[in-house]
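Dear colleague,

I am handing over the structure that follows, together with notes on what was found in it. Please read the notes with the model open beside them.

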Amino acid sequence: SSRPVRTFTIGFEDSRFDEAGDARRVAKHLGTDHTELTVDARQALETIPLLPTLYDEPFGDSSQIPTYLISRLARRQVTVSLSGDGGDELFAGYTRYLVGSRLWNRIRKFPLSVRSMLGRVLGSIPTGRWDAFLHAVQTIFPVSVLRRRTGEHIQKLGRLLRSGSPDGLYLDLVSHWPLAERIVLEAPPPPLLPMEDPGWTDLPDILQRMMVFDLATYLVDDILVKVDRASMGVSLEARVPFLDHRLVEFALRIPTSVKIREGRGKWILRRILHRYVPEELVDRGKMGFGVPLGEWLRGPLREWAEELLGERRLSSEGFLDSRLVRSRWRDHLSARREAPHQLWNVLMFQAWKASQ
């Protein structure tokens, strides 16, 4: 380029979700024309009324908020942008690939009855108590154990231990609502496609299956929808170089050992990146494009959420199990059991329905 490339990033006041400092250091090393925006709950609250119209469906991925805000930020300076979507699905970047394959290969050796009993015990302890316990003994545990939403992850582990198959474990990893048919009144169990297609049995390795399932479902139905509608909603074109069909075909042909090495995903991409950026600037724990949704729902978004989750309203509308929704809402407000993503799914359905 004849001039510095422009880069954009979103930061958060909550340090657990903030990567702005890391992005700033990389931008400085590369000499980009860098712009960043710190997002707070006020900006989220201003964005929420736009979401039903912007997405034109009850779209329940909470990273839609920062995606819209960063698209709007970039559009002030450019009309076309590049996004890295697809890299995780093609080159094993998601943490769940490593966690899921390791966990299944270990727990499959134990009877399902034993695993189920242990899973129920782990799931019975509120997330708030797990977090309080781990922080009380943090001098004993390594720092890597004390990650954000630790209690929530332990409860999810309890659910995973009860999985009866590798595909079932994958669904538990990616599902916000276990037994989703319980939340929607008179609904049949959700379809398991593409898992129901006999052709997928040609992939015996759980890690490969998870990556292909994500490529066929999560990427096209969530990630690309989120980015496309958020960016085009502000007249910004977001291109995805990783999804050039030639690169996709190449990535699907190379062995897993080139994607995952020494317990880390995206190995081949990291090797390329390290030619241009020092390892110490980029080698750190993976963070999704998350927002401090749990805290926002208990704070500045509480009144908005309470109106949409009112028991009388839910009961009269007749779509969702009001008792189950209200139970999750009360548990979340008391921090007894964190349920931000479960509640966000419901809230986006309610908000979309109210806009019709």
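Leaving aside its neighbours within four places in sequence, with which residues is L51 in contact? The residues are D56, Q64, I65, W344 and M348, where contact means heavy atoms within 4.5 Å. Before going further, please note that this is a predicted model, in which local features need pLDDT of at least 70 and side-chain atom pairs count only at pLDDT 80 or more, while totals for chains, interfaces and linings use all residues. Residues are numbered from 1 along each chain as its sequence is written, and side-chain values use heavy atoms, with hydrogens and water left out.

L51 belongs to the largest nonpolar core, which has 47 residues and in which L51, W296, L297, W304, W344 and L347 have the most contacts. A nonpolar core is a set of buried Ala, Val, Leu, Ile, Met, Phe, Trp, Tyr and Cys residues joined through side-chain atoms within 4.5 Å, and buried means under 20% relative accessible area, exposed over 50% and partly exposed in between (1.4 Å probe, protein chains only). Helix α21 gives the largest share of this core, seven residues; helices (H or I, at least four residues) and strands (E, at least two) are DSSP runs, numbered from the N terminus. Another core, of 30 residues, lies apart from it and includes W104, Y170, L215 and L219.

Turning to the aromatic rings, those of Phe, Tyr and Trp (its six-membered ring) pair if their centres lie within 6.5 Å, with planes under 30 degrees apart counted as stacked, over 60 as edge-to-face and the rest as tilted. By this rule there are eight aromatic pairs. One of them is the tilted pair of Y170 and F213, at 5.4 Å centre to centre and with 55° between the planes. Because Y170 lies in helix α10 (residues 166–174) and F213 in helix α11 (residues 206–216), this pair ties together parts that are 43 residues apart in sequence. Y170 counts as buried at 5% relative accessibility, and F213 is buried with a relative accessible area of 1%. The pair of W304 and W344 is also tilted, since the ring centres are 5.8 Å apart and the planes are at 50°. With W304 in helix α18 (residues 302–308) and W344 in helix α21 (residues 340–355), the pair ties together parts that are 40 residues apart in sequence, and both W304 and W344 are buried.

Q350 is also placed in helix α21 and is buried, with a relative accessible area of 1%. A polar atom of the Q350 side chain lies 3.0 Å from the backbone oxygen of L308, and L308 is among the residues in contact with Q350, along with R313, L314, E317 and L320, when neighbours within four places in sequence are left aside.

Elsewhere, Y94, Y97 and Y218 form one aromatic cluster. The charged end of R96 sits over the ring of Y94, 4.4 Å from its centre, and R96 also lies over the face of Y218, at 5.0 Å from the ring centre; a charge sits over a ring if NZ of Lys or CZ of Arg is within 6 Å of the ring centre and within 35 degrees of the ring normal. In helix α6, the buried residues include R96, Y97 and W104.

With kind regards

Notes
A polar contact is a pair of N or O atoms within 3.5 Å; within protein, one must be able to donate a hydrogen and the other to accept it, and residues adjacent in sequence count only if both atoms are side-chain atoms.
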